[in-house]
Amino acid sequence: MGSAQSIDHPSLSDLEKHVRLPENMTRDAFLRILRSVRPHLAQPVSAAALETFLFMAEATRPRDWTSSEKAPCCYMAQTEIAKMRGRSPSVIRKHETELVRAGLIEKRTSANGARSGFLHCGIYFTPAIRSAAHFEAVLHHLQQERLENGYLRGRFSTSKRFLTSILGEVFDLCPDHSEAQEVETAFDQMPTASEQHRMSIDSLERLVKELDTLVDIAEDLLKNCAKTIARPLKNKPPYIQDTTQDSASVSCNANVKKESAQARSYLEKQGGGDGRLVQSHRIHEPDFLAKLTPPTLFGMAAPGFQLELRKQRDDVPSLTIRDFVGAAMARLQPLGVHPSAWDEAVDLVTPETAALCILIIDAHLNSGDIAILNNGAYFRGMVRKARSGDLHIIRSLIGIAERNRIRDKS
């Protein structure tokens with residue numbers, strides 16, 4: 001619809017039977033959607049022009065947007081709109097031309113350019129209403145992209161924690177390690193957190209892979225450095241570095257000591273006690289988790305979690321805690337856990353603890369033994385309990401292992 005039509009007596013049939021908004025969408029909800037997708041319209045519209053559109057739209061009756069009785073129309077003259085908007089009539093005229101070109105409004109005027117409800121002349125919003133479903137789909141896509149961006153930035157941040165900790169130990173053992181310095185330089189040249197917000201999903205995915213590669217290189221450097229100087233690593237492979245700021249504030253649960261012996265015995269029977277996965281000082285149930293092996297923990301995971309683990313390392317016995325953290329982060333979006341919940345978790349506790357919480361939630365959902373109404377809220381609750389020392393990871397994992405054992409027997 002290029003320019004305004006000059007008509008004497010437009011009939012109601014010309015208004016295309018009053019196209020309505022999609023079911024359950026109100027006028028105000030539609031206007032909020034349009035405001036959000038404005039920068040992404042096929043035909044760009046300035047922010048000022050959209051504000052004029054919103055002003056005119058809000059001058060209509062909300063029910064006209066959702067009923068077929070009457071099409072929403074703004075009958076106000078340009079001069080009146082200009083006065084109320086604090087703009088000149090020429091600016092409003094320019095905005096209307098821009099909105100027509102973008103396919104958001106249709107101008108219908110009488111022969112002398114007047115607007116009148118009696119003559120059905122004014123600014124009609126039928127073109128915009130006709131595109132409402134499309135705008136809603138665009139908004140959904142943008143929201144999903146923002147979420148995906150958040151998940152990827154969270155993965156980058158978590159991998160950064162690993163890299164910083166590993167390099168710290170490398171430089172502690174070998175202060176002038178040239179290869180470690182090269183890894184550090186490569187990381188320093190990566191986009192900052194603020195720059196990552198503006199990156200495409202594809203670019204962010206490549207960035208996360210590049211950082212994961214640096215972490216792998218750093219882990220190898222740490223192992224080789226320890227061998228060269230004949231000193232044991234502070235943390236045996238798989239490498240775990242304590243990132244807790246205040247170890248006293250993340251104390252073990254009082255019941256853990258009573259349960260540890262039972263947990264060790266139980267899980268050693270399930271998967272053996274060699275090749276431990278998590279170092280004892282990292283998690284709230286130290287004695288128990290120190291006995292976990294990659295196959296044991298892999299067996300407790302739900303199929304979706306296991307699939308993510310195999311994407312990272314197909315050899316189950318060689319899985320590291322970093323692989324479990326990566327798999328947990330890959331499961332956030334399918335589980336509907338917001339990236340901000342993960343960011344909060346790794347700040348309050350550790351990536352390893354957060355990963356075990358996700359593994360437990362995923363396993364419960366897969367078995368259906370616990371009804372979880374909101375996975376994100378449940379995860380946040382687990383993290384709060386872990387922070388206060390009230391999270392019984394032991395009981396949860398033993399329960400999962402026992403349930404799997406019974407299922408496999410039947």
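Predicted model: local features only at pLDDT ≥ 70, side-chain atom pairs only at ≥ 80, totals over all residues.

Biologist: Which residues of helix H3 are called buried, and what makes them so?

Modeller: Helix H3 spans residues 78–85; helices are DSSP runs of H or I with at least four residues, strands are E runs of at least two, and both are numbered from the N terminus. Its buried residues are Gln78, Ile81, Ala82 and Arg85. They are called buried because each has under 20% relative accessible area, where exposed means over 50% and partly exposed lies in between (1.4 Å probe, protein chains only).

Biologist: Why are these residues placed on the same side of H3?

Modeller: They cover an arc of only 100 degrees around the axis, so they lie on the same side of H3; the arc is that of the directions from the helix axis to the C-beta atoms. An α-helix has 3.6 residues a turn, so residues three or four places apart point the same way. The face of H3 turned away from the buried side carries the exposed residues Thr79, Lys83 and Met84. The cover over the buried residues includes helix H2 (47–58), strand E2 (73–74), helix H4 (89–101) and strand E3 (106–109).

Biologist: What makes a set of residues a nonpolar core, and how many residues has the largest?

Modeller: A nonpolar core is a set of buried Ala, Val, Leu, Ile, Met, Phe, Trp, Tyr and Cys residues joined through side-chain atoms within 4.5 Å. The largest has 69 residues, and those with the most contacts inside it are Leu163, Phe305, Trp342, Ile358 and Phe379. Helix H9 (residues 201–228) gives the most to this core, with twelve residues. Apart from it lies another core of 36 residues, among them Leu31, Ile123, Phe125 and Ile129.

Biologist: Which residues does Phe379 touch, and by what criterion?

Modeller: Contact means heavy atoms within 4.5 Å. Leaving out residues up to four places away in sequence, Phe379 touches Val337, Ala341, Trp342, Ala345, Ala354, Cys357, Ile358 and Ile361.

Terms used. Residues numbered from 1 in each chain as written. Heavy atoms only, no water.
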